[in-house]
Amino acid sequence: MLDALRQISRDVETAPSFEYALGIIVARVCLILGTEVCSIYIFDKVSGELKLIENEGFHRSAIGTVSLAPGEGVVGLVAERGEPLNIENVSEHPRYRHFSAIGEEPFSAFLGVPVTHNRRVLGVITVQQREDRRFREDEEAFLTTLAAQLAIVVARADATGRVSAILNADYVPTDVRYEGIAGAPGIAIGTAVVIGPSANLDHVPNKETDEVAAELTSFDRAIDRVRADIEETDRSLSEHLPAQERALFSAYLHMLDDSAIAGEVREEIRLGNWAQGALRTVIARHVSKLQLVENPYLRERVTDVRELGQRVLAYLQDIHRDKFYFPEQVILIGEEVTASMVSDVPANQLKGIVSLRGSSNSHTAILARALNVPAVMGVSEFPVYEFENQIVVVDGFYGELVGNPTTQVMDHYHELIAEEAEFVKELEPIKDQPSETLDGHRLNLWVNIGLVGEITRSLDRGAEGIGLFRTEIPFASRDRFPTEEEQRVIYREHLEAFNPRPVTMRTLDIGGDKALPYFPIDEDNPFLGWRGIRVTLDHPEIFLVQVRAMIKASLGLESDLRIMLPMVTDRREVAEAKTLILRAYREVREENVAAKLPQIGAMIEVPAVIHQARLIARQVDFLAVGSNDLTQYMLAVDRNNPRVANLYQEMHPAVLHALRELAKAAHAEQKGIGICGELAGTPEGAILCVAMGYDVLSMNAANLPKVKWVIRNVSLRDCRRILARVRRMDDAEEILDFIRDQLIGAGLERAIPHHETPSVFL
């Protein structure tokens, strides 16, 4: 039956419509199980009833006319229980309901399985047969497995409003809500402009040719034109992005070199394949290799490779990009939005970005943050082409998208945008004021930073230092490891900009969801594998070059250079890293560079380190908690995965207990401790961190003014009182609600995230 399931899955995936897919399922089930009837019932959102939406074996007139109240009949019982029901003689069951109009009477054997998606029963799939018998266990398992696959199809159609449209002829989909991943913060309302690839590599066949020279000439011309396009894209973005972020385009150009993709295509052509087929073969080979790697960052590179292939193919086919008419407020939408697509839109008209593929770490998300444009990534169930030229709302704070919004929803989001803008303006005067509580407790508010373009925004918002400089971003924007001098220039720019403020530079943190295209890490479970300090200790030549560049960059500046070690697991790693840092410092001094010895700190992200925090604190100058990864590892939840995102709870009692223990350990050794995760950038989290005794709160620059405003309007005593109450609670939602109530009671409700779900969705 496994082969049958696979074939159904393939056929349903390629079905031209939702209705066609349902027809495939009921027909195949009857054929495979040898049954006379297969039916699919779906809950109607409008009436709340279970309605027959497709069947094989009953009268076709029954579709759309047969409905059951919640819990009615044996079908309703399956939905009510949320588990399979296998009955030998269904007519004798006390919940049986007879429908004579559909020819149900002769059927005895009944098997019903719920169609469940994300804990919600969407409907029921049933099979029936005339003879008295129980369906076998393997038949029940087959239908249960099929129902799980059907659930995805139904959920997608339900999200697009297609189910409601089938069940209710006068239904017009409005306020259709989709969930994705927050890519770049902010809210935007505009007209959807859908951009797709101009050519389709998947439809290109292999074809032999005797005109090898002519095919090579065509390919060379296409490569030249794509090069020109990329260079023009680079120039068009030069006013909006610093050179560091534009290095991505150099990587694109490198892929077109003879030593990379272009060279492989030429070899295929010389073997007798025409240019288009040779290109498809090479691109498919590269994509297949990247897709085999279980690494989110490398999967993002699939987009880059495919995008280049499509562009070259377009010129090979002499397909020219359509000239888009861009409305005043553009929400750019695509299955895979790329940097070149973003550059096609005039900068003053681009208001939001939505990509069906990608994550918060993709190049598009990074570009959106650099351009200060709200973005939502990974909206997998969004029917992209159905919303062309429609008004949509992009909520980059919560990773949500609303299609065809009603006036009520539009007014709601316009109000939020206006309130946010007004509040941000009111916060401007406090940017140069100290982050100090009402009773005089002083702490440091620093920023997390990775792009050169973030420097100015951070300083404009009153950043008092850098708590986390993500040095892997300059590495990721190149097609090779940057040299010591190239790194020194980048680090110097940050140190000079923040001088005399302290700057904390995290050593190269790759692995997990942060890999380099030229240094792939192929692992079954990259988050628990070779990452962070583990990689750089195994490659001291990379580590030493980076540390020397950091030390040289600090020459002659008042700023304290703080070097932070990521993904520390035990004391030995810290000792090894310190030895290498001291070696690098000696080497720099031997070059007559009279720089200061940097401070050395450990980043606490691995739960095991909580129990060794005092031992590690004795070895370093400071500790810094990476609350994002610490939370993920403690709760075993990937915060970028929409399917389990609801389980990622920064306010989980276990997480808060761990944070408090870490602060106590640092203070016991008289060492400073900071926190540089999303928690520190929320008013609720900041209150707790202040109470726990954290010396540094490091966050995204956009969050800094609100957090400072809250800190300046509370007392340390009140923060500790709130923490004392929280420690007696055992539920994350209860904790969050309590802290928000306390903020409201203190007159600080404006700092609470108020991008709540519009009432129409509740």
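The model is predicted, so to speak of local features takes pLDDT of at least 70 and side-chain atom pairs count only at pLDDT 80 or more, while totals for chains, interfaces and linings use all residues. Residues are numbered from 1 along each chain as its sequence is written, and side-chain values use heavy atoms, with hydrogens and water left out.

Let's start with the sheet. Six strands make an open, antiparallel arrangement in the order β3-β2-β1-β6-β5-β4. β3 (67-68) and β4 (85-87) sit at the edges with a single partner strand each, so one side of each has no neighbour in the sheet. Helices (H or I, at least four residues) and strands (E, at least two) are DSSP runs, numbered from the N terminus, and two strands pair if DSSP finds at least two bridges between them. Look at β5 (residues 109-117) and β6 (residues 120-129): they pair antiparallel over nine bridges. Proline 114 has valine 124 in β6 as its bridge partner.

Now jump to helix α23 (residues 683-692). Here 10 of the 10 residues are buried, so the helix is largely enclosed by the rest of the structure; buried means under 20% relative accessible area, exposed over 50% and partly exposed in between (1.4 Å probe, protein chains only). Among them are Glu684, Cys689 and Met692. What do the buried residues of α23 pack against? They pack against α22 (653-668), β21 (672-675), β22 (696-699), α24 (704-711), α25 (716-726) and α26 (732-745), where contact means heavy atoms within 4.5 Å.
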